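Student: Hi! I'm new to this one, could you walk me through a few spots?
Tutor: Happy to, let's look together.

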Amino acid sequence: MAASNYSLKANRELLDPNFESYRLSLDVIPTYNVELDAAVEEVKLKDTQYTLDHMRAFGMYNYLHLDPWYEDSVLFVDCKGRVLSLTVTLDTALGKPREVYRINADTNQCEDRLCASLSLTSATWAALSDGTGRLYLLRTGKRGDSYHMKWEPLFSEDMGEPFTVLHSVSHVQASVHTMEVLLLRVQKDPQETKGSGYSVSLEWITVADAAGQGQEKKYEVKKRRVLRGKSVPHYAAVEPQGKGLMVASEKPFVFTHVDGRPVEHPDPEPMEVEKTDPIYFWQQTAEDVTVHVRMPEGLVKEEVQFSLTADTVSVGVRGFPPLLRGQLYASVDPEGSAWIIRNDKSLEVTLEKRGEGPMWSELVIGDKRGEYVMSDEQAALIHERLTHLTSEDLNGNPDRDKPPCNSQELEDCDGFPEDSSSLTHFDGESLKPTQVVNLGSHQYLFTVDVNPSEMPCLCLRHDVDALLWQPRPDQPSNMWEHIATFNALGYVQASKRDKKFATCAPNFSYASLCECLRRAFIYRQPSPVETVLFNRKQGRQVGQVAKQQVASLDSDKPILGFRATNERLYILTSCNLFVLKVNNN
């Protein structure tokens, strides 16, 4: 696995340290019910699909698909093989879902059949799997309630073992219309002798129009790339222009095959035995960082090339490549920072930290050419903290009869997975990871499409909050941007033992969770109160309140699909589609 070389930086302006709690609201949520003519195409797991990966990939599949290009339009596949679409314009006059495409193949003959899966590739294209291993690329035309064109299949090909479609994008490359499709499989692995006997594969397929100018469109597979891993990815998506891939998973993924040929992974070059002197030395306090960079003797200030922003630094000599350049471990205040030449051969740089926080573990992310010098005060403090580990007293822990924590008192939401998850960006040409984030205890929560022209966002738990991150593949220095925060949602969702799906509105006005049966929970962002409200404990007026609402469905069927728009929440069961009017915009 590639070493972590990137860290997620939360936008402090989007965090609310004064958030107290959600207040239960008894306001009624208008709920509308659409009865389905035929049941949803639910495929239950077989006895051979017994692993946790099978459950995550197929047992917890979201059968409802939201069209991000057309507001309040949802789609699903029923047991007759029909792809049905419902667009809501007036809640009190809901029509029946209309058929836009029908899978003609007899899918019941396939023993290892999976659920049919759908990915809306663009405003006029879609990718569909019938669950038996066949991939369809469909020209949909302009979707929406006012357009009733039936979808036209322009590509249909058997791709091997059954799969589900995770993600797809459409773009034009060298004047040729191209589509990128990402497929997920859980396959038997003869080499997996110690574990479950299965491994997870992601197949990245490129399909392009092979017809000449003015000829009828003819789409063919141009490239097939396979990645393998040991766990089902939480998140996997292709860049909008097909130049790269992002994967978040508990276990790492690596490319193994391209167009059927194994990918050769060269052995890492041996490390140099000779020890090189550090280029710079640095030390820190809680307020600032001091760096000493070795420079050519006789250096004058006119020859110094120095550049500093809040997050990056560059130090060098005019006419030569920079000696030190890259992204700082944390933000600094450029106006409070300075540099000076020492002894005509050393440049001393003082960086003022933007805010007091944890001590830096490195100066420039990924740069190992420096040496950290600990001050006498820091060494003495660490020695004092570690003294009890080398105590000559047989009872080095005098409070051992009074343990500080009883594990039986811990709640489920206080734990986090033992495996360390990672978020990785792969380059589409070299097939190597370029940026790797160690997610650690940042538990994955859900994926949501905020802007259809960009990659899907992923929501991660940070402490008790839930932070939404927008991938920016065209910005290597800020590849994942923190765009929204749902206060305390990380803690709240961990306490829901029966939670099945989670999502949020594209405008971040609310987040929502649903259980396996009947109930959905809505958590609204803080909003101003209409009346005067005081906090009696703190003796201050409360200006904003975050509301929690609970909706209970009139159905005893398991929830199979769950999607949110800015105004409505859509919940799918085997026989009904419920529409909850959450906001009145």
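**A first look around**

Tutor: Keep in mind that this is a predicted model. Let's start with Gln49, which touches Lys44, His54 and Leu114, leaving aside residues up to four places away in sequence.

Student: Where is Gln49 placed?
Tutor: Gln49 is in the loop between strand S2 (31–35) and helix H1 (52–59).

Student: And is Gln49 buried or exposed?
Tutor: Gln49 is buried, as its relative accessible area is 11%, and buried means under 20%.

Student: Switching to sheets: what is the order of the strands in the open sheet of 5 strands?
Tutor: The order is S24-S25-S20-S19-S26, and the pairing is mixed.

Student: Which strands are at the edges?
Tutor: Strand S24 (332–342) and strand S26 (370–372), each of which pairs on one side only. On average, neighbouring strands of this sheet are turned by 20 degrees against each other, direction ignored.

Student: In what sense do S20 and S25 pair?
Tutor: Strand S20 (residues 288–294) and strand S25 (residues 346–353) pair in the antiparallel sense, over 7 bridges. Within that pairing, Val293 stands opposite Leu347 in S25.

Student: New topic: how many disulfides does the structure hold?
Tutor: The structure holds 0 disulfides. For Cys459, the nearest cysteine sulfur is that of Cys504, 6.6 Å away. Cys459 is buried, with a relative accessible area of 0%.

Student: How accessible is Cys516?
Tutor: Cys516 counts as partly exposed, at 35% relative accessibility.

How values were computed
Residues numbered from 1 in each chain as written. Predicted model: local features only at pLDDT ≥ 70, side-chain atom pairs only at ≥ 80, totals over all residues. Heavy atoms only, no water. Helix = DSSP H or I, 4+ residues; strand = E, 2+ residues; numbered from the N terminus. Buried < 20%, exposed > 50% of the residue type's maximum accessible area, 1.4 Å probe, protein only. Contact = heavy atoms within 4.5 Å. Pairing = 2+ DSSP bridges. Axes fitted to C-alpha atoms, helices over the stretch in contact; angles between N-to-C directions. Disulfide = S-S within 2.5 Å.
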